[in-house]
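Here is a short briefing for a reader who is new to this structure. Look at the sequence and the model first, then read the points by topic.

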Amino acid sequence: VTLSEGARAGTGRELGMLDSLLSLGGLVLLRDSVEWEGRSLLKAIVKKSALCGEQVHILGCEVSEEEFREGFDSNINNRLVYHDFFRDPLNWSKTEEALPGGPLGALRAICKRTDAGPVTIALDSLSWLLLHLPCTTLCQALHAVSHQDSCPGNSSPVGKVSVLGLLHEELHGPGPVGALSSLAQTEVTLGGTKGQASAHILCRRPRQRPTDQTQWFSILPDFSLDLQEGPSVESQPCSDPHIPPVDPTTHLTFNLHLSKKEREARDSLILPFQFSSEKQQALLRPRPGQATSHIFYEPDAYDDLDQEDPDDDLDI
């Protein structure tokens, strides 16, 4: 099959976005909402990992196995190892294929494999696990699994481990969301506008500054990514120079402007608290023939005239 240049460019951009999500390994946190669901993007990443020859394990807790596999072709479905915790999450039926320890036990068992190839583990979803497990227990398990390939004391030939965790952040408070966010090497927050989905990708690399980017995309029916350009910013309407600007003070119940007569009357008014030079001269220089005033003081019996001890009358 021969692809056109545009199709090859689109495929390259799609692989570039998916590679950036899985390049660091560790925990990849997919944060979705009611308006912008993230399971389709999770399945797109799972498909890409399966096509790359990686071992892909699905820990299905929130939807059935049939619903999760729907949309994949037989080639992809044959490469997926599905661990079903949706049908019997507490193992009430006591089946032999159930792994001890529940989802976290299955997560630890997957990482104890003997081959050294890379593995991708999809948790569908972290919100279900948070509702059934303590947050500290889940965070400790995720930290141990996502950092297993870098542990110095681990002698097993374990390759790169990527854990994809789908989180419905509207169901949880800031504490659990912040704890999971601090564990994630890559954090994807889904959003969008005008019906077009976007993914804000935050990558935390060791000993480097975090990098972030925003990708606009759509999910095709076969769970392939179609990267798109972002929505164009609406241009602001230009003002016509021939149309006079509208005065916003024209319809007020009071007037902000003064007429010429009102301004002259305001300037000529002398306020009572203003101490003008004419008033100062009139007070300091009495006119001839004007009666002068004198103050006559007779000391009282209780007046204290002793300047050496002015507080003598206080009886301290």
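**Nonpolar cores**

The largest nonpolar core has 31 residues, and Leu30, Leu41, Val188 and Phe217 touch the most other members. A nonpolar core here is a set of buried Ala, Val, Leu, Ile, Met, Phe, Trp, Tyr and Cys residues joined through side-chain atoms within 4.5 Å. Buried means under 20% relative accessible area, exposed means over 50%, and partly exposed lies in between (1.4 Å probe, protein chains only).

This is a predicted model: local features need pLDDT of at least 70, side-chain atom pairs count only at pLDDT 80 or more, and totals for chains, interfaces and linings use all residues. Residues are numbered from 1 along each chain as its sequence is written, and side-chain values use heavy atoms, with hydrogens and water left out.

- Strand 1, helix 2, strand 2 (55-60), strand 3 (80-84), strand 5 (161-168), strand 6, strand 7 (196-203) and strand 9 each supply at least two residues of this core. Helices (H or I, at least four residues) and strands (E, at least two) are DSSP runs, numbered from the N terminus.
- Helix 2 gives the largest share of this core, 6 residues.
- Leucine 41 is in contact with Leu30, Val188, Leu190, Phe217, Ile219 and Leu225, leaving aside its neighbours within four places in sequence. Contact means heavy atoms within 4.5 Å.
- A second, separate core has 29 residues, including Cys61, Leu104, Leu107 and Leu183.
- In soluble globular proteins, nonpolar side chains tend to be buried together.

**Salt bridges**

- The structure holds 9 salt bridges. A salt bridge is a side-chain nitrogen of Lys or Arg within 4 Å of a carboxyl oxygen of Asp or Glu.
- Glutamate 187 and arginine 31 meet in one of them, at 2.3 Å from N to O. This pair links distant parts of the chain: glutamate 187 is in strand 6 (residues 186-193), arginine 31 is in strand 1 (residues 26-32), and they are 156 residues apart.
- Glutamate 187 is buried, because its relative accessible area is 5%. Arginine 31 is buried too, at 16%.
- Arginine 39 forms a salt bridge with aspartate 124, and the closest N and O atoms are 2.9 Å apart. Here helix 2 (residues 39-51) holds arginine 39 and strand 4 holds aspartate 124, 85 residues apart. Both arginine 39 and aspartate 124 are buried.
- Lysine 47 pairs with aspartate 222 in a salt bridge, with the closest N and O atoms 3.6 Å apart. Lysine 47 is in helix 2, while aspartate 222 is in the loop between strand 8 (211-219) and strand 9 (225-228), 175 residues apart.
- Lysine 47 is buried, with a relative accessible area of 13%. Aspartate 222 counts as partly exposed, at 38% relative accessibility.
- Salt bridges that share partners join Arg31, Glu169, Glu187 and Arg204 into one network.

**Serine 125**

- Serine 125 lies in the loop between strand 4 (119-124) and helix 6 (126-132).
- Its relative accessibility is 0%, so serine 125 counts as buried.
- Serine 125 touches Cys61, Glu62, Leu166 and His168, not counting residues up to four places away in sequence.
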